[in-house]
Amino acid sequence: MTPVDSHGLISIRRSTHSPVITMVGAAVLVGLLSAAPWIVSQSLASILMNFFILVIMATMWNLLAGYAGMVSIGQQAFVGLGAYATLYLAIKGMNPFVTIPLAAAACGIIALPITYLLFRLRGGYFSIATWVIADTAMLIIGTIALLGGGTGHLVPGLSNLSPTALTDAEYLATWIVALLVVAGTYFLLRSRVGLVLASLRDNEVAARSAGVRVTSARRMVFVIAAAGCGAAGAVLAISQPFVQPGNEFNLQWSAEMLFVSMIGGLGTIEGPILGSIVFFVLQQSLQQQGAWYLIIFGALAMAVAIWQPRGLWGAFRDRFHMELMPVGHWVRETKRPK
Amino acid sequence: MPLLQLEGVSKKFGQVVVAEEITFQLDQGAAVGIVGPNGAGKTSLFGMISGDIRQDSGRILFEDQSVGSMTAAVRCRMGMGRTYQVPHPFERMTVFENALLAAQQGAQAHGQKSYDLAFAALERTGLAELANRPAGSLGLLHRKRLEMARALATGPKLLLLDEIAGGLTDPEVNELIVIIRGLRDDGIAVLWIEHVVRALLSTVDRLLCLASGRLVADGPPSEVLASEEVRKVYLGGKIINEAAI
Ligand SMILES: Nc1ncnc2c1ncn2[C@@H]1O[C@H](COP(=O)(O)OP(=O)(O)O)[C@@H](O)[C@H]1O
Ligand SMILES: [Mg+2]
């Protein structure tokens, strides 16, 4: 990027290389993915949709665990609540697509009071409590007859579109949410807050004594991650479109977020995206072999945890010294004071 | 008005007494050294002052405000900067970003001002050349300096230095002394835990001695080092040996 105003001693660049190549690449990619429903097969488009949903979740989980040190295994709480917020609003007559931002906001709002409870706990107790909260949310939702109770409910209001128009709209909604989540995370990590999150990732004790208000930062991350997972739940509800407690509140969502972020590399933006790509490539190329892709994926996760704790992206970056989404601060020129 | 006041501060970890009725004051701009054997409770004392750990009883006042219930972050923003005996760098951030975080959060500076503040802290501690290096790649000397740079970038009125010269060579210690004296001369109060007594003596005008959580001596360095209590604590002469390093 352009150097920041340099009246002082130094100027700061935000990336080591010219961002032009990255920006052109990003523009091409965004163009291609936006047009995908019209240029790729329907089955590939539907795989891409699931991929986007996983990218959203993994990106949020990475903020939680990779940066803010909160290993949540209960993010399915917000996936589920997001899905059910969409279902509820659709039942009340709202266009399901319009409910997506509302579902995200609702999850963020619900997450805020939960932090006051959760943040009393540390480490494993924190993780287990997130899971308990997710199960509690599932049980409560399962008792609401309006939302179909334990058996679930179809999201209404989608039948007025033709089947192809509907799939295209679902694709675009999912893609736009993923794009917003990844771009939003990128700009968050480039901001002052990003430096705070990086300091938490690296050393919480030092962060505190350097003036970082750790609890507020954590609270913000938890709320953002809840909103992001809520949005993922909303698009999931629209694309399924049958919403059921056992599906949307499934622990498997958190397991996938965790695996994918770990394999790709925690504490980087690119890591969870790379992890999601690996996950889908394995799943697609091994789908004839039943559950083998999960076994191989699990083995890969263990191998990465043991030999490459910074994940595949970390290994790649250490070797090639490049970042696709640079968030650093590079001191560029020093005009020595006289 | 004293900058820092401790009034009857006590703390135990289980059976281990790390602070027992510790009372002392520190004036604005003063430079005070703390000595004492390993396990005396020196680092724990810093922890209670900076807010990393909470005392069991007693009061700690900074600029006449009781800070007992404040978090470490708030105390930092009030003007306490601290370094750790075992350096705590943000390893995956660059040296510059380490200082920048402190300038943006501790000193609450924005934009170019935060860049200048961070860079000035690096220049002051001799790290400017290494600004773009990942902090995790630094050796011990530079890690120690980074601790100081980060504390400085928070814009402190009080600097808490915990064995900042420990493990360094003689010439390295000399460079450090020059830096710390410069800070003292700029009016930053320094509270400095150090085993390298020679380094302390060149900079401080008062010495405290801690042993088993008790403050056994407090006064001009020569008197403290000569006192009966301190000699007993060091089992006859160890402190002199260290002074000769
Ligand atoms: N967090 C802690 N939990 C339990 N014991 C501790 C803790 N921190 C320090 N101690 C104990 O308190 C005593 C004083 O430690 P410390 O303050 O680090 O001493 P010093 O810095 O003077 O060497 C030691 O016996 C140490 O083992
Ligand atoms: Mg110590």
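A few ground rules come first. Residues are numbered from 1 along each chain as its sequence is written, while chains are lettered from A and ligands numbered from 1 in the order in which they are written. Since the model is predicted, local features need pLDDT of at least 70 and side-chain atom pairs count only at pLDDT 80 or more, with totals for chains, interfaces and linings using all residues; side-chain values use heavy atoms, and hydrogens and water are left out.

Ligand 1 comes first. The shell around ligand 1 (residues with a heavy atom within 4 Å of it) is made up of B:Phe13, B:Val16, B:Val18, B:Pro37, B:Asn38, B:Gly39, B:Ala40, B:Gly41, B:Lys42, B:Thr43 and B:Ser44. By type, these shell residues come to 5 nonpolar, 5 polar and 1 charged; here Ala, Val, Leu, Ile, Met, Phe, Trp, Tyr, Cys and Pro count as nonpolar, Asp, Glu, Lys and Arg as charged, and the others, Gly among them, as polar. Oxygen atoms of the ligand pair up with several of these neighbours. One sits 2.9 Å from a polar backbone atom of B:Gly41. On the side-chain end, an N or O atom of B:Thr43 is 2.7 Å from a ligand oxygen, and an N or O atom of B:Ser44 is 2.5 Å from one. On its own, ligand 1 exposes 560 Å², and the protein buries 58% of that (areas by the Shrake-Rupley method with a 1.4 Å probe; for residues, only the protein chains shown count as cover). Two elements of chain B, β2 (16–26) and α1 (42–50), each give two or more residues to the shell; such elements are DSSP runs numbered from the N terminus, with helices being H or I of at least four residues and strands E of at least two. The largest share, 3 residues, is from α1(B).

Buried means under 20% relative accessible area, exposed over 50%, and partly exposed in between, with a 1.4 Å probe and protein chains only. This core has 157 residues, and the members touching the most others are A:Phe78, A:Tyr171, A:Phe222, B:Phe96 and B:Leu122. Helix α2 (residues 42–67) of chain A is the top contributor, with 17 residues. From chain B, domain 1 (1–79 + 156–245) and domain 2 (87–155) each supply at least three residues, the bounds coming from an automatic or database domain assignment. In soluble globular proteins, nonpolar side chains tend to be buried together.

Most residues other than glycine have a negative phi, and most peptide bonds are trans. In chain B, B:Asp64 has a positive phi near 65°; its place is the loop between β4 (57–62) and β5 (65–66), and B:Asp64 is partly exposed at 44% relative accessible area. B:Ser212, with a positive phi of about 45°, lies in the loop between β9 (206–211) and β10 (214–219) and is exposed at 52%. Over in chain A, the peptide bond from A:Gln240 to A:Pro241 is cis, with omega near -15°, and A:Pro241 belongs to the loop between α9 (214–239) and β3 (242–243).

Notes:
A polar contact is a pair of N or O atoms within 3.5 Å; within protein, one must be able to donate a hydrogen and the other to accept it, and residues adjacent in sequence count only if both atoms are side-chain atoms. A nonpolar core is a set of buried Ala, Val, Leu, Ile, Met, Phe, Trp, Tyr and Cys residues joined through side-chain atoms within 4.5 Å.
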